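Please read the points below with the sequence and the model side by side, taking them in order and checking each one by eye as you go.

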Amino acid sequence: MGSGEPNPAGKKKKYLKAALYVGDLDPDVTEDMLYKKFRPAGPLRFTRICRDPVTRSPLGYGYVNFRFPADAEWALNTMNFDLINGKPFRLMWSQPDDRLRKSGVGNIFIKNLDKSIDNRALFYLFSAFGNILSCKVVCDDNGSKGYAYVHFDSLAAANRAIWHMNGVRLNNRQVYVGRFKFPEERAAEVRTRDRATFTNVFVKNFGEEMDDEKLKDMFSEYGPTESVKVIRDASGKSKGFGFVRYETHEAAQKAVLDLHGKSIDGKVLYVGRAQKKIERLAELRRRFERLRLKEKSRPPGVPIYIKNLDETISDEKLKEEFSSFGSISRAKVMVEVGQGKGFGVVCFSSFEEATKAVDEMNGRMMGSKPLHVTLGQARRRW
C-alpha cells in the first residue's frame, strides 16, 4: 500500500482481511501456480482462478486467501507486479462490497501517459498521495494506450493527486489528471457541448440509388460541405446511411431542421447530429441494461414454443392444456390489439417436462387447429 497516509487496522474492515485480488493474469495460470507463487508469503486457505461460467475459460483474475492478515499485507507490499508465467500481475485487497468501486469516489483518470509507464511505475508515482485500492494502465496487444485509472481509498487522497499531478510532465509528456467520470456522465457532457457546435450530420433511410454526388447535391444548398459519404458494404452496395460534414455549425443545423422527416422517393429521411463514439457506446449500454433487466424479470425455465394457436386460446387455457406435463412458471399467448397472434410460449421447470410436452402435444388439436410445438433454449441463471 502507499506510504503517504496512515492505514489503521480498522480501515480494512471493509475488505476481506486476508484475501487478495490478483489481476492481469496470463490465461495459462492455474490455481496450483498461484498457490506455489504465494505460499512463501505465509499459510494459505485457498487460491481461485475465476472462469467464465459457460466456457470455463479463465477471465484473467483470481483470488488468494491467506490464513493471517499480516501475511496478506506482506504479499501486497512486496509482491505486487511480480511475474507469474512471464507476465506481471496486480494485487489489491479483495473487496466483497463493491459499492465504493461503483460509486467512483476516490477514482481518478490519467491520460497522455508515455508508453513506458506501466502499472508498477504508475503505482509508485501516485502512492505518495494516499492508499491505493487499484491501479491500472489500459493496454492492448501493442502495449499501453496512454491512459490509466487509479482508485484511492478516500476522496481527499484523490484530490491531492489531482492537485499535484495534473499538468506535470512525465517522461517529457504533460499528463492530464482529473476526477473519474462514468461513461454516461462523459456522454452527457459531450452531447451538451456538441449540440451547440456540431458540423457533422448523420443521414439514414435513403434508397440504394443514392450516391455521394446525389447526397452532396441535396445537402449543399444549406452551406459549403467538407465531406460527403454514403456508407457501403464490401460489395459496394449502399447501406442506406451516410454522413455530411459542413464547414459551419449553422449550415449543419439548418440542414437538420429542414431535411429531417422529409420524404425522398417514398422513404422518410432521418437527419440528425452525428453522435460521438462515447454517446453511441452509452446508448448501447442503456439498451443492454434495459434488455438485461427485462430478461431478469422473466421467470426462469425451459421454454417450448407453440404455433398455429386458435384465436380463442387464452393464457389460462394454454396453461391448463399443458399443466399435466409438469410445473409451469409461465404461459403466454402473444396478442396484438386484443387479438391472438397464433403463437405462444410455455416455460417448464425442467428439460424432461418440456420434452415430454413437445412429444405429446405436437400435432394435437386444440380448438380448431393442430398445434406445432417445438423446444426452445433453456435460460440459465448463474
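1. Which residues of the largest nonpolar core touch the most other members? Bearing in mind that this is a predicted model, the ones to look for are Ile108, Leu122, Phe126, Val150 and Phe152, in a core that counts 23 residues. In soluble globular proteins, nonpolar side chains tend to be buried together.

2. The largest share is that of α5, which supplies five residues.

3. Val150 deserves a separate look: when residues up to four places away in sequence are not counted, Val150 touches Gly106, Asn107, Ile108, Ile110, Leu122, Phe126, Ile132, Ser134 and Cys135. There is also a second, separate core, which has 21 residues, among them Met210, Val230, Ile264 and Val271.

4. The UniProt entry, which is unreviewed, carries the annotation "domain: RRM" for residues 18–96, 106–182, 199–276 and 302–378. In the model, residues 106–182 are 25% helix and 42% strand, with end C-alpha atoms 13 Å apart, while residues 199–276 are 24% helix and 38% strand, with end C-alpha atoms 12 Å apart.

5. Is Arg45 buried or exposed? Arg45, which sits in strand β2 (residues 44–51), has a relative accessible area of 51%, and because exposed means over 50%, Arg45 counts as exposed. Apart from neighbours within four places in sequence, Arg45 is in contact with Asn65, Phe66 and Arg67.

Key: Residues are numbered from 1 along each chain as its sequence is written. This is a predicted model: local features need pLDDT of at least 70, side-chain atom pairs count only at pLDDT 80 or more; totals for chains, interfaces and linings use all residues. Side-chain values use heavy atoms; hydrogens and water are left out. UniProt positions are given in the numbering used here, feature names are shortened, and annotations may be inferred rather than shown by experiment. Helices (H or I, at least four residues) and strands (E, at least two) are DSSP runs, numbered from the N terminus. A nonpolar core is a set of buried Ala, Val, Leu, Ile, Met, Phe, Trp, Tyr and Cys residues joined through side-chain atoms within 4.5 Å. Buried means under 20% relative accessible area, exposed over 50%, partly exposed in between (1.4 Å probe, protein chains only). Contact means heavy atoms within 4.5 Å.
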